[in-house]
Amino acid sequence: MSTDEERLAQLGYKQELHRRLSGFSNFAVSFSIISILAGAITSYGIAMKAGGPVAITLGWLFVGVMVTFVALAMAEVCSAYPTAGALYWWAAALAKRNKPAWAWFIGWFNFLGEVAVTAAIDFGAAITTAAFLSLTFGLEVTATSTFLLFLVIIVVHGLLNTFGVNLVRVLSDVSAWWHLIGVAVIVGILAVVPDQHKPISEVFTEVYNATGFTFAGAGVYAVLMGLLMAQYTYTGYDASAHVAEETHDAANAAPRGIVMSVIVSVIAGFVLLVAITWSIQDYEGALGTELGLPPAQIFIDAVGHDLGVFLLFICMVAQWFCGMASVTANSRMSYAFARDDAIPGSSIWKKVNPRTGTPTNSIWLCVTLSTILVLPSLWNTVAYFAATSIAVIGLYIAYVGPVLLRRLNPDFQPGPWNLGKWSAPIGWIAIVWVGIICVLFVLPPSSPINAETFNYTIVAVAVVLGAAAIWWFASARKWFTGPKQNLLEKAAHGESTD
């Protein structure tokens, strides 16, 4: 028995998923989900409108540093408990009291946050693909055409994940290199080809405020709202933990994957965003482009139609890779949550295909739920963004919950990858930062405040928290006991645990 399988057995689980991922592949999954060519491109317009260049460039760096603290604190816990359940499993292991309740609430924030992120990533990929097809084949960009593209993309991602972890591994490795080389190509072309650039000082200091707020200090407020671009992009790196049961030397490789995916994204993303912002020819024109994607217009204005379309193609392919990795992580988390009977129909979702070693049913559960979440976009984009706003705050609540419990648990036994004497300061900085964004991103992003501009994030968070609480007190507290150990279950049913 390998060391990985022994450690998993100590945590109470039989090795069921195929352990085929290397340390680089583990990193590649998280790096692909963060995807600086997805989140930073599709949400670039948020920071263009709120804060402008200073929010795009320096804001990216600032948020990146704070997120690195969160990633470091998460990674230390991951090393101690390298299991697919990850965040909610850690919560149950670390809580001194009410273990099942902690696991329940962290698990549901994580599960629904991941569904929302998968929906947002693939819908963003559909927006970029629609812009690309509009420029190349004259496709009319409508709500219906964008939704149909989303359907094609997410079904393809479901199929690719169904074929087995070997294919996921290959595509994740290709994705990591596509992102790194793609950024280098985009930056190189934007640095050399345009006839003129913005003054470099404006790239780092110019403040732009199109939020509608005019009170004293409105510019600072706009910059704070624009930080959402970076914070949204820096999500999904918990994927390295969710695929820990498929990774060799998981106690070291998974925490390294969490941290390095964030650090590499901070550096490469900063270079990319500086290059794009430096190349803006017509700020107002890019912000109001009919393509629905400001970076696409920036590319075309700066380097011409054909070369601009090529740069957009690089981003589009990266976003397809990103969505595929998100379905991978989402399905592993739901598989683990179902393994502990926390999802309705758990007996269906926890099944593993013996031929491919993948949780096939769980994959299609995630695809279906993400599609349902995107359906309102056919009628109202506000409804879609309201539904997916849970992605940032919901996921970060799930991220920092175990970190808080680790700080409150003096009996925690660190794994081989740990922070040593830096554990406490890094952990508390992470906790404080998540507290700040939970306040910041429920504030109104634009004025006047009405049904079209209202920030529905607080509603989304309240719905998730309220639904989980009602279900917990009405029913789940009577039967949900937290993570179940399938080794014990199989032994009780007389199954082999070898």
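Is Cys 78 buried or exposed? Cys 78 is buried, at a relative accessible area of 1%; here buried means under 20%, exposed over 50% and partly exposed in between, with a 1.4 Å probe and protein chains only. Some notes on the rest follow.

1. Ground rules. This is a predicted model, where local features need pLDDT of at least 70, side-chain atom pairs count only at pLDDT 80 or more, and totals for chains, interfaces and linings use all residues. Numbering runs from 1 along each chain as its sequence is written, and side-chain values use heavy atoms, leaving out hydrogens and water.

2. Cys 78 is in none, and the nearest cysteine sulfur, that of Cys 366, sits 19 Å away. Cys 438, for its part, is partly exposed, with a relative accessible area of 24%.

3. Aromatic pairs. There are 32 aromatic pairs in the structure. Rings of Phe, Tyr and Trp (its six-membered ring) pair if their centres lie within 6.5 Å; planes under 30 degrees apart are stacked, over 60 edge-to-face, and the rest tilted. One of the pairs joins Phe 24 and Phe 27, which is tilted, at 5.7 Å centre to centre and 50° between the planes. Because these two are 3 residues apart in helix α2 (residues 23–42), about one helical turn separates Phe 24 and Phe 27. Helices are DSSP runs (H or I, at least four residues), numbered from the N terminus. Phe 24 is partly exposed at 33% relative accessibility, while Phe 27 is buried at 11%.

4. Another tilted pair. Tyr 81 and Trp 89 are 5.5 Å apart centre to centre, with 50° between the planes. Tyr 81 is buried at 13% relative accessibility, and Trp 89 is buried at 9%.

5. Aromatic cluster. Worth a look in the viewer: one cluster is formed by Tyr 88, Trp 104, Phe 105, Trp 108, Phe 111, Phe 337, Trp 471, Trp 472, Trp 479 and Phe 480.

6. Nonpolar patch. Ile 449, Phe 454, Ile 458, Val 459 and Val 463 make a nonpolar surface patch of about 420 Å². Patch residues have over 30% relative accessible area and no salt bridge, and nonpolar side chains (Val, Leu, Ile, Met, Phe, Trp, Tyr) are joined within 5 Å; a salt bridge is a side-chain nitrogen of Lys or Arg within 4 Å of a carboxyl oxygen of Asp or Glu. Areas come from the Shrake-Rupley method with a 1.4 Å probe. Val 459 lies in helix α23 (residues 457–479) and is partly exposed, at 38% relative accessibility.

Note on methods. Patch = residues over 30% accessible without salt bridge, like charges linked within 9 Å, V, L, I, M, F, W, Y side chains within 5 Å. Disulfide = S-S within 2.5 Å.
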